[in-house]
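This report concerns aromatic side chains and their surroundings. Please consult the sequence and the structure shown below while reading.

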Amino acid sequence: MTIHANFIEDNGGDLVDIEWYCSGFCFTKAGHTHVGAYPCGSETDYDVNCDNCGDLIWEGLEYEPSR
């Protein structure tokens with residue numbers, strides 16, 4: 001299974017968001033036709049779910065905020 005990503009840019013060309021998909025099927029089902037294959041995930045503080053089916057793609061870091 002290859003993760004797919006849709007990089008969303010503003011009018012100035014700056015990255016403002018990323019939509020993550022668990023597979024090419026979900027990427028296409030969401031209406032995307034451009035190349036979106038992304039070879040790996042990314043380390044994040046939060047869980048990342050597929051923007052189409054909602055399946056968990058990878059778990060975020062578990063951490064306790066300093067007190």
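## Aromatic pairs and a histidine

Phe27 has a relative accessible area of 3%, which is under 20%, and therefore counts as buried. The model discussed here is predicted.

A pair of aromatic rings is described by the distance of the centres and the angle of the planes. How many aromatic pairs does a search of the whole structure find? The search finds 2 aromatic pairs. In one of them, the ring centres of Trp20 and Trp58 are 5.1 Å apart and the planes stand at 75°, so this pair is edge-to-face. An angle over 60 degrees is what this class requires. Because Trp20 belongs to strand 2 (residues 15–21) and Trp58 to strand 4 (residues 56–58), the pair ties together parts that are 38 residues apart in sequence. Tyr21 and Phe27 also form an edge-to-face pair, with 5.5 Å from centre to centre and 80° between the planes.

The table gives the relative accessibility of three further residues in these pairs.

| Residue | Relative accessibility | Class |
|---|---|---|
| Trp20 | 10% | buried |
| Trp58 | 13% | buried |
| Tyr21 | 3% | buried |

His32 is located in the loop between helix 1 (24–29) and strand 3 (48–49). Is His32 buried or exposed? With a relative accessible area of 15%, His32 is buried. Leaving aside residues up to four places away in sequence, His32 touches Asn6, Glu19, Tyr21 and Phe27. With Glu19, the side chain of His32 also makes a polar contact of 3.3 Å. Two of the residues touched by His32, namely Tyr21 and Phe27, are the partners of an edge-to-face aromatic pair.

Terms used. Residues are numbered from 1 along each chain as its sequence is written. This is a predicted model: local features need pLDDT of at least 70, side-chain atom pairs count only at pLDDT 80 or more; totals for chains, interfaces and linings use all residues. Side-chain values use heavy atoms; hydrogens and water are left out. Rings of Phe, Tyr and Trp (its six-membered ring) pair if their centres lie within 6.5 Å; planes under 30 degrees apart count as stacked, over 60 as edge-to-face and the rest as tilted. Helices (H or I, at least four residues) and strands (E, at least two) are DSSP runs, numbered from the N terminus. Buried means under 20% relative accessible area, exposed over 50%, partly exposed in between (1.4 Å probe, protein chains only). A polar contact is a pair of N or O atoms within 3.5 Å; within protein, one must be able to donate a hydrogen and the other to accept it, and residues adjacent in sequence count only if both atoms are side-chain atoms. Contact means heavy atoms within 4.5 Å.
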